[in-house]
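Here are my notes on the model, point by point. Please read them with the coordinates open.

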Amino acid sequence: LPVIAIVGRPNVGKSHLFNRIVGEASAIVSEEAGTTRDRHFGQADWAGHHFWLVDTGGLVEDSNEPMDVAIRKQVMQAIDEADLLMLVVDAKVGVHPSDARLVDILRLAKKPWVLVANKVDDPNSADFYDFYRLGVTDVYPVSAANGKGSGDLLDAVVAAIPETDEVPSEAVRIAVIGRPNVGKSSFVNKLLGEERLVVNDESGTTRDSIDAPMRYHDQDIIFVDTAGLRRQSKIDDGIEFYSALRSRRAIDSSDVCILMVDATEGLQNQDLKIATLAWEAGRGLIMVINKWDLYADKTDKSSAKFRKDAVEKVPYLGFVPFLFTSALTGQRVNKVLDMALEVQEQRTRRISTSQVNDALQEIIAKLQPPQAAGREVKLNYATQVETSPPTFAFFGNHPELIPENYIRYIHNQLREKWGFTGSPMRIIMRSKR
Ligand code: GDP
């Protein structure tokens with residue numbers, strides 16, 4: 001999905017505008033697991049255009065740099081990360097010297113942007129005319145407070161979003177995700193060969209070679225958002241801010257996610273949150289425990305123990321393959337490709353309806369669904385309704401009375417039978433037709 005970033009001086013009303021747009025443009029509120037701060041990005045949909053909206057306000061407010069430096073950085077980062085920018089100015093204040101400097105920066109960047117004059121609460125007011133002094137062709141007057149003008153603004157914005165060439169996908173799309181500094185870019189470098197990265201680095205920040213393709217055993221593979229990985233290690237501010245958005249984006253546009261963990265730090269809650277985002281989004285998952293060269297005792301036992309501890313914390317990891325690597329020495333790095341292809345195969349596997357029904361008969365024969373309120377609860381037949389991830393529908397007389405623990409029992413039985421290693425798997429209960 002394209003990313004639209006809202007930038008501008010403090011107090012011009014960026015977060016009000018953010019809330020207004022995300023609220024008005026049928027928002028799918030992103031439930032960032034565990035973010036205690038205010039929401040900084042959300043998905044919105046306007047006239048059939050789906051996009052991420054980012055409020056960069058927090059970047060400046062949190063900074064202890066001089067205001068001007070902080071704002072400048074905020075905008076530079078947004079230029080790197082976003083596909084389109086909204087520069088917000090304050091119509092009640094008029095043209096501020098910082099506004100003019102930001103316009104200069106935006107002109108030099110090769111990204112589309114629009115100028116938004118906020119706090120124009122009365123649409124007949126001429127307050128915002130002053131901003132034409134900045135040499136822009138359009139100024140969009142809005143009132144984040146009462147919503148006036150935001151429809152016209154959104155129309156203009158979605159029209160200006162650059163078309164992204166969707167890669168026709170026979171290719172398996174792999175995202176390497178995880179906290180900063182766990183070794184993601186080192187890992188991807190190792191895998192893709194160092195030269196490629198040198199080439200990209202020379203071309204600077206203007207070239208957004210986000211996706212890196214490769215071919216492996218006659219299979220096209222695409223590593224998504226490798227440009228993001230490189231950027232991340234270069235910028236030391238705002239890492240947290242953009243890395244959450246980047247993870248979400250990478251997860252959304254991938255088939256298989258490689259969740260990278262720093263072995264020396266052990267499995268952190270933040271690692272698990274990112275893993276769970278990928279798992280719940282239906283993506284294939286591989287746990288890569290990196291920096292294994294530094295891990296005190298790297299025997300088979302210690303890898304088995306690492307895995308066991310992880311599964312104890314988060315049971316679904318029992319269905320996920322683990323790989324213990326060193327991006328520094330290259331140890332086992334190449335194995336991840338075979339693993340990813342295998343996981344994708346599992347994730348796209350289709351089981352015939354007769355096999356699913358045979359499984360259902362075995363499952364019931366071992367353990368009947370419990371009676372509920374004296375009524376006999378029956379499951380009559382089942383079928384796989386979807387792949388990516390495999391999803392099975394079970395039909396019965398009282399689907400609503402099948403308890404959670406019986407569904408878990410079915411889940412485990414199907415896993416035992418078919419594995420689906422590295423892939424989520426879903427079960428739904430339906431009324432018999
Ligand atoms: P990223 O932020 O996840 O992309 O992490 P980087 O790839 O930038 O790596 C962060 C730091 O860890 C760098 O200094 C790397 O050289 C180092 N590093 C990465 N992988 C390994 C590894 O497997 N072993 C060791 N010893 N260091 C590593």
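1. Strand E5 (residues 113-118) runs parallel to E6, and 3 bridges join the two. Ala-117 stands opposite Pro-141 in E6. Strands pair here if DSSP finds at least two bridges between them. Helices (H or I, at least four residues) and strands (E, at least two) are DSSP runs, numbered from the N terminus.

2. This is a predicted model: local features need pLDDT of at least 70, side-chain atom pairs count only at pLDDT 80 or more, and totals for chains, interfaces and linings use all residues. Residues are numbered from 1 along each chain as its sequence is written.

3. E5 and E6 belong to an open sheet of 6 strands, ordered E2-E3-E1-E4-E5-E6, with mixed pairing. Strand E2 (41-46) and strand E6 (139-141) are the edges; each has a single partner strand, so one side of each is left without a neighbour in the sheet. From one strand to the next, the twist averages 30°.

4. H3 touches strand E1 (3-7) and strand E4 (84-90), and its direction makes about 170° with that of E1. H4 touches E4 and E5, and its direction makes about 165° with that of E4. Contact means that the C-beta atoms of two residues, placed from the backbone, lie within 7 Å. Axes are lines fitted to C-alpha atoms, for helices over the stretch in contact; angles run from 0 to 180 degrees between N-to-C directions.

5. How do the two helices pack against each other? Helix H3 (residues 67-81) and helix H4 (residues 97-108) pack at an angle of about 30°, with their axes 11 Å apart. That makes H3 roughly parallel to H4. The cut-offs: under 35 degrees is roughly parallel, over 145 roughly antiparallel, 65 to 115 roughly perpendicular, and the rest oblique.

6. Which residues make the contact of H3 with H4? From H3 come Asp-68, Ile-71, Arg-72 and Val-75; they meet Ser-98, Leu-102 and Ile-105 in H4. By class, the contact has 4 nonpolar, 1 polar and 2 charged residues. Ala, Val, Leu, Ile, Met, Phe, Trp, Tyr, Cys and Pro count as nonpolar, Asp, Glu, Lys and Arg as charged, and the others, Gly among them, as polar.

7. A further open sheet has 6 strands in the order E8-E9-E7-E10-E11-E12, again with mixed pairing. Strand E8 (212-216) and strand E12 (322-324) are its edge strands, pairing on one side only. Neighbouring strands are turned by 25° against each other on average, direction ignored. Strand E11 (residues 284-290) runs parallel to E12, joined by 3 bridges. Val-288 has Leu-323 in E12 as its bridge partner. Helix H12 (residues 335-347) packs on this sheet; its direction makes about 160° with that of E11.

8. Now the ligand. Of the 17 residues around the ligand, Gly-183, Lys-184, Ser-185, Ser-186 and Ala-327 come nearest. A residue is near if its C-beta atom, placed from the backbone, lies within 6 Å. Helix H6 (184-192) and helix H8 (226-234) each supply at least two residues of the shell. The shell divides into 6 nonpolar, 8 polar and 3 charged residues.

9. Last, the hairpin. E13 and E14 form it with 4 residues between them, and Ser-388 in the turn has a positive phi of about 55°. Strand E13 (residues 379-386) and strand E14 (residues 391-396) run antiparallel, joined by 6 bridges.
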